[in-house]
Amino acid sequence: MRNVFTICGKEVRSYFSSPIAYLLMALFGLVFGFFFYSETAFFVVEGMRQMMMGGPGQAMSVNEIVIAPLLGNASVVGLFLIPLISMRLFAEEKRSGTIELLLTSPLNDWEIILGKWLGAMVMYLCVLAMAAINIGLLFYWGNPDLRPVLTGFLGLLLQGGAVLAIGAFISSTTKNQIIAGGATFSICLLLWVLSWVSSYNEAGWAQAVAYCSILTHFEPFSKGIIDTKDVVFYISTIFLGLFLTARSLESLRWRA
Amino acid sequence: MVALRDIRARDFARNSPGGMSVKHTSMIKVEGLTKRYARHVAVKNISFEVGKGEIVGFLGKNGAGKTTTMRVLTCFLPPTAGKASVAGFDVLEQPLDVKKNIGYLPETPPLYPEMEVGSYLEFVSKLKGIPSADIKKRVDEVCDRTSIADMKKTIIGKLSKGYRQRVGLAQAIIHNPPVLILDEPTSGLDPEQQQQARQLISSLSGDHTIILSTHILSEVEQSCSKVIIINNGEIVASDSVANLHNRGRATEIVAIEVAGAPEPEVRQRLEQVAGVARVVSRDARDGAVAFEVEGMENYFVRPDLARAVVQSGWNLTELRTVGETLEEIFLELTRSERKPAVESTEEAAAQ
């Protein structure tokens, strides 16, 4: 386990000693900040309007009107940024030859893979912290329910972990970071839009395809529901991604 | 240079009692190793052994299979056929044990450009399993040893090639492994740094078993006790440096230069020395005469020649064994156009 943390610590330091960590956090902060502004502004205007109407009206829920859509936005923005986190994981080491250091040190392959994946997760958490700051403001000025926020972040984490595992695999197949990033991005995009199939096709296969969509499994989390089938989906995707990475690393030795 | 080498050869003989090599425990053992890539065979059925404390030079042209062999030994690549073991552990069966016992410097030093030298070495220490309490001490030690102590706070990306190479070397020796595998450890260094690197490598011998690959021949002569010459994936020679020099020659040829006497007189005196077969004149500088003296088989004529000259009251200004230079041996062994012809006749004979 010590080796896993060694690798993980090194990965995190690598992110933060290059501009990539700051760039990602700034980009995410900017985009999420915009969503946050527009959602809260809408909420405020809508609230004023209802007050002016004077009717009994329904009590407006911050959780439903602001936080749930915001978390949904965060998960989509995350899909776009995660390839930037995962693309360098193995591709960079393969290009610079440092993979030779890792593979000839007394480590198991799984320690390397797990360490790198965890490092990427820490980076992703730092990006999500930008969202947490914004949502924290709502707690300062208002009184939203905390639990759906926590489940939402759990969902974001699981979704991020799944995409990072896929990204790690893609990164381990190439020396070129651009290729790794581009391919991961396309896969992410596809995993997002797969769910659309089910909206116009009721056939069994369409439902199966839609099931693979990474975003449909996120929605319940943003509403405060932890559904076992979604958790299982994300965790098995993480396992699949890391397993494929391990196979790919092994094949690197045989093909060289 | 040549004289130096002879001293070294003798020292080496003295170190192993009786001048004969005691049966060392072999630290590296390669048997029938073959490595095939998709389209070509990089290493064909090679076998060799390296004893504890030996420094072996791996010589060969680019693409001869040096790096591939080293990568198999470090468990980076699995062999296609054959066996390889390091410190008694098989590279396929017990890779973790093999990796614990080796320090490896690949052709391009495996450095992270964004890290500081110090934190990079700490990272490697952890990877190699050095206990946390010892890490700082070990890092300081290797930094001193490779003279990079004042670069510890520098970002690796800003280092010159020479320093990078040294950081690479530091990373290989940080866990004090019994076996060192160095792929072109002096490439990219200036002559002074090369000299320092060689001294460092020589200072590591004894406790460490070292394989280093190079295409600088003088490096092999200076640092290695044994040479393995590899060509097109096959070992064409595997011997001590001294033996290679005397390859295919049973008699010794000595170059001698004497000052303060006329040529015929010196020649006559030299011819009288026991064991001298032939004396041939050579060009000499002013005021001196020079000869090449060929000894008879199994005679070691140098001490007698020296005594003869000195006792005659002349000045002995040069005395050395003439051997084929390593360059000549190397070129002869690796000349590719001759090999296929030999092989084809062998094949024809076999058929």
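Helix 2 of chain A (residues 19-53) comprises 35 residues and spans 51 Å from its first C-alpha to its last, close to the 51 Å expected at 1.5 Å a residue; the expected span is 1.5 Å times one less than the number of residues. Helices (H or I, at least four residues) and strands (E, at least two) are DSSP runs numbered from the N terminus. The structure is a predicted model, in which local features need pLDDT of at least 70, side-chain atom pairs count only at pLDDT 80 or more, and totals for chains, interfaces and linings use all residues. Residues are numbered from 1 along each chain as its sequence is written, with chains lettered from A and ligands numbered from 1 in the order in which they are written.

Within helix 2 of chain A, Leu24(A), Phe28(A), Phe32(A), Phe36(A) and Glu39(A) are buried (20 or more other C-beta atoms within 10 Å of the residue's own, with C-beta atoms placed from the backbone). An α-helix has 3.6 residues a turn, so residues three or four places apart point the same way. The buried residues of helix 2 pack against helix 3 (62-86) and helix 6 (109-141) of chain A, contact being defined by C-beta atoms, placed from the backbone, within 7 Å. Gly54(A), with a positive phi near 75°, follows helix 2 of chain A.

In chain B, four strands form an open, antiparallel sheet in the order 12-13-11-14, where pairing requires at least two DSSP bridges between two strands. Strand 12 (276-282) and strand 14 (315-321) of chain B stand at the edges, each with a single partner strand, so one side of each lacks a neighbour in the sheet. Six bridges join strand 11 (residues 253-259) of chain B to the antiparallel strand 14 of chain B, and Glu257(B) stands opposite Glu318(B) in strand 14. Helix 10 (residues 263-272) of chain B packs on the sheet, touching strand 11, strand 12 and strand 13 (288-295) of chain B. Helix 11 (residues 302-311) of chain B lies across strand 11, strand 13 and strand 14 of chain B.

Methods. A residue is buried if 20 or more other C-beta atoms lie within 10 Å of its own, exposed if 12 or fewer, and partly exposed in between; C-beta atoms are placed from the backbone. Two residues are in contact if their C-beta atoms, placed from the backbone, lie within 7 Å. Axes are lines fitted to C-alpha atoms, for helices over the stretch in contact, and angles run from 0 to 180 degrees between N-to-C directions.
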